Structures are given as structure tokens and as C-alpha cells.
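Me: I'd like to learn how to read aromatic rings in a model. Could you walk me through it with an example?

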Amino acid sequence: MKLSIGIVGLPNVGKSTLFNALLKKQVADAANYPFCTIEPNVGIVEVPDERLPVLAKIVKTEKIVPAVVEFYDIAGIVKGASVGEGLGNKFLSHIREVAAIVHVVRLFEDANVVHVSNKVDPRSDIDTINAELILADLETLKKQREPKMNATKAERATFKVAGRLKEELDRGISARDVALTDEEKELVKGLNLLTMKPVMYAFNVSEEQLGQQEEIKGKIAALGITTNWIFFNAKLENDVLAFAPSEQKEYLDQFHLKDTGLNRLIKKSYEILGLISFLTAGTLEARAWTIKKGELAPQAAGTIHTDFEKKFIKADICAYPDFVSHSGWVGAREVGKVVSAGRDYEMKDGDVVEFKIGA
């Protein structure tokens with residue numbers, strides 16, 4: 001499954017600096033002026049998974065293949081972007097291609113880094129971006145034509161749901177916050193509405209603010225954001241990459257951080273999209289595979305190869321902790337920790353799997 005995340009926000013909030021850190025190299029131009037990023041930089045980033053090296057050691061393989069996230073660094077959006085201000089239409093079209101949005105918000109004060117509105121006001125910044133995305137979606141919904149006499153039942157239903165969404169968007173409510181059934185969401189999926197995409201907020205704070213984390217949390221709570229957020233310091237995220245893993249932990253401890261903002265960002269992206277990883281481990285490789293939470297064993301097999309879903313017979317499954325504590329397949333089977341699962345088995349995060357496929 002392709003996991004794509006778009007990094008958005010006003011100019012000069014730290015989007016490209018964050019993107020540079022994500023890719024562990026300078027691939028985005030982090031200049032101190034708006035519109036320095038015209039085409040979205042795209043990068044593939046590994047999903048941190050401490051289970052894979054452990055599995056690799058057990059099955060005696062040197063090849064580790066983690067799951068990956070595709071990040072898009074999308075240029076700064078400004079007020080009026082929905083009508084083309086500041087190359088806005090082009091940037092908004094890039095957001096349509098991603099599965100979820102990371103909205104970078106500036107909390108840090110720095111006179112040397114200009115703010116597009118000449119003041120640091122996170123509430124106003126968030127509202128500006130949300131308003132532009134809503135306006136862009138309203139333009140999409142206005143293009144929906146009333147079904148003709150020979151229209152299908154689905155076309156009529158889609159138009160009805162689109163009308164409801166337009167009413168709510170006109171009131172400033174994002175599409176993701178409108179109470180729709182799963183069937184209604186499927187009907188309008190093809191409209192690819194920007195505000196229907198899951199969103200996570202990434203608050204860029206100063207090094208000084210990292211020492212006042214309760215204050216940061218208070219500011220975020222005051223914005224009405226209670227879930228799906230992280231805070232990070234863009235400079236620290238780049239600096240920490242120069243250290244060995246053991247030194248990274250020591251460096252992060254100074255700021256009372258258990259993990260880098262990047263790792264927290266990637267893991268949270270998984271969470272907001274309802275994704276989990278199942279694992280395969282053999283002499284060829286130890287690998288993580290991304291699936292939607294709730295998928296059944298045959299669908300998971302299809303992630304490896306489309307034919308595997310059609311030819312699925314069964315799956316041998318062992319929970320990761322059992323696989324490790326009993327040193328692999330042989331030991332886990334000896335103590336009855338391997339389950340032979342059929343077509344109705346719902347996959348769990350961390351399942352170690354061997355699929356049995358027919359000819």
C-alpha cells in the first residue's frame with residue numbers, strides 16, 4: 001500500500017527544513033522567502049520499526065526492508081491560494097494527490113525568519129490554511145451538476161451528499177468533520193476533497209520552548225487541537241542526524257524527548273490513516289508490509305503479490321513477542337504459538353506471517 005503524506009503550511013514555518021530532516025539530506029531549498037519550493041519535492045522515508053533488526057538476527061538474514069512513507073514537500077500556501085494567489089492553484093492540486101496532510105504550524109519566535117503576516121499567530125495561520133482548503137473544495141462542489149433524468153441511483157445519491165457537504169463547508173466546517181456514513185464517504189471519494197483528508201498538526205517550536213513542554217501543550221490545547229499533533233524543533237531534527245543512534249538518545253534526553261519528531265511524525269501518520277504492519281521473516285529478508293487495520297489474511301497476502309490473494313490457502317501466524325521469545329518458527333511451533341489462519345482471520349499489527357499459496 002502506498003502511503004503518501006503532504007507537508008503544508010504558510011511560508012517560512014519550517015516545512016522544507018522538516019522535509020530535509022526526513023530525507024536525512026538537503027534536498028529541499030529552505031530559503032527565507034515565500035515560494036522557494038515551486039514543484040513539490042518528493043521523498044521516500046523508512047518507517048521506524050525496531051522489530052525488524054530483531055527478526056533479521058533470528059532468521060539469520062542481513063536484508064531488512066522496512067515499510068515506507070512518501071512525503072511531499074508542498075510550497076507555502078497563502079491567503080487567496082484557492083483563487084490562484086501566490087501560485088496557489090498549483091500547490092493545492094499537489095495536495096489532492098496525497099492520502100493525508102501534515103500541517104506545519106509555527107510556534108517559535110525569531111526576528112531573523114520573516115512571517116508572511118509579520119506576526120506569529122498560530123490560530124490565524126491555521127485558520128488561513130483551513131479557509132483556503134475549504135474554498136478550494138467549494139469550487140469543486142460547485143462544479144457538480146444536477147443529475148439528468150436518466151441518472152443512476154448512485155449519481156443521484158452522490159449529488160445529494162455533495163449538496164450536504166457544500167452547506168457545511170459554507171459554514172466553515174471541513175468535510176472530514178461532517179457526519180457521513182461509510183457509504184456516503186465512498187460516493188464522494190472521487191471528488192478528492194482536500195478537507196476530507198486526515199490532518200495532523202506539527203508545531204515547530206524553538207529550542208528554548210523544548211524546555212517548557214507543558215507550556216507548549218497548553219498553547220496547543222488553547223487552539224482547540226486535542227488529538228493528532230506533535231511538536232518538534234526543526235534545527236534539532238537536522239542536528240540529531242549527525243549522531244550515532246546511541247548518541248542520539250543521549251542528545252534527545254537533554255530535551256526530555258524519547259524519540260525524534262520525525263519518528264513521531266511517521267508513526268502518527270500511520271495512526272491517523274488507520275494503518276498497521278505485518279511482518280515476514282526468512283533467510284531472504286525481514287520485511288514490514290503496510291495494510292489497513294481490519295484487513296483479512298487474503299488481502300494481506302495480496303499486498304505481497306496480487307496473485308497471492310486469489311490463490312490464498314491459509315496463513316501461519318505468530319505474534320511478534322512469541323516469535324522472538326521462542327527464537328523463530330521452529331521454536332514457536334513446538335510450543336503451539338503458531339496459528340493456522342483461514343480467510344476470515346483479521347490481521348494484527350506485528351503478526352509474523354508465512355502465507356500458503358496454491359498453484
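Reply: Happy to! A search of the whole structure finds 8 aromatic pairs. Rings of Phe, Tyr and Trp (its six-membered ring) pair if their centres lie within 6.5 Å; planes under 30 degrees apart count as stacked, over 60 as edge-to-face and the rest as tilted. This is a predicted model, where local features need pLDDT of at least 70 and side-chain atom pairs count only at pLDDT 80 or more, while totals for chains, interfaces and linings use all residues. Residues are numbered from 1 along each chain as its sequence is written, and side-chain values use heavy atoms, leaving out hydrogens and water.

Me: How is a pair of aromatic rings described?

Reply: By the distance of the centres and the angle of the planes. Tyrosine 201 and phenylalanine 203 are stacked, at 6.3 Å centre to centre with 25 degrees between the planes.

Me: Are tyrosine 201 and phenylalanine 203 buried or exposed?

Reply: Buried means under 20% relative accessible area, exposed over 50%, partly exposed in between (1.4 Å probe, protein chains only). Both tyrosine 201 and phenylalanine 203 are buried.

Me: Why is the pair of phenylalanine 243 and tyrosine 251 tilted?

Reply: Because the planes of these two rings stand at 45 degrees, with centres 4.9 Å apart. Phenylalanine 243 has 32% relative accessibility, so this residue counts as partly exposed; tyrosine 251, at 14%, counts as buried.

Me: Which residues do ring pairs link into a cluster?

Reply: Phe278, Trp289, Phe312 and Phe355.
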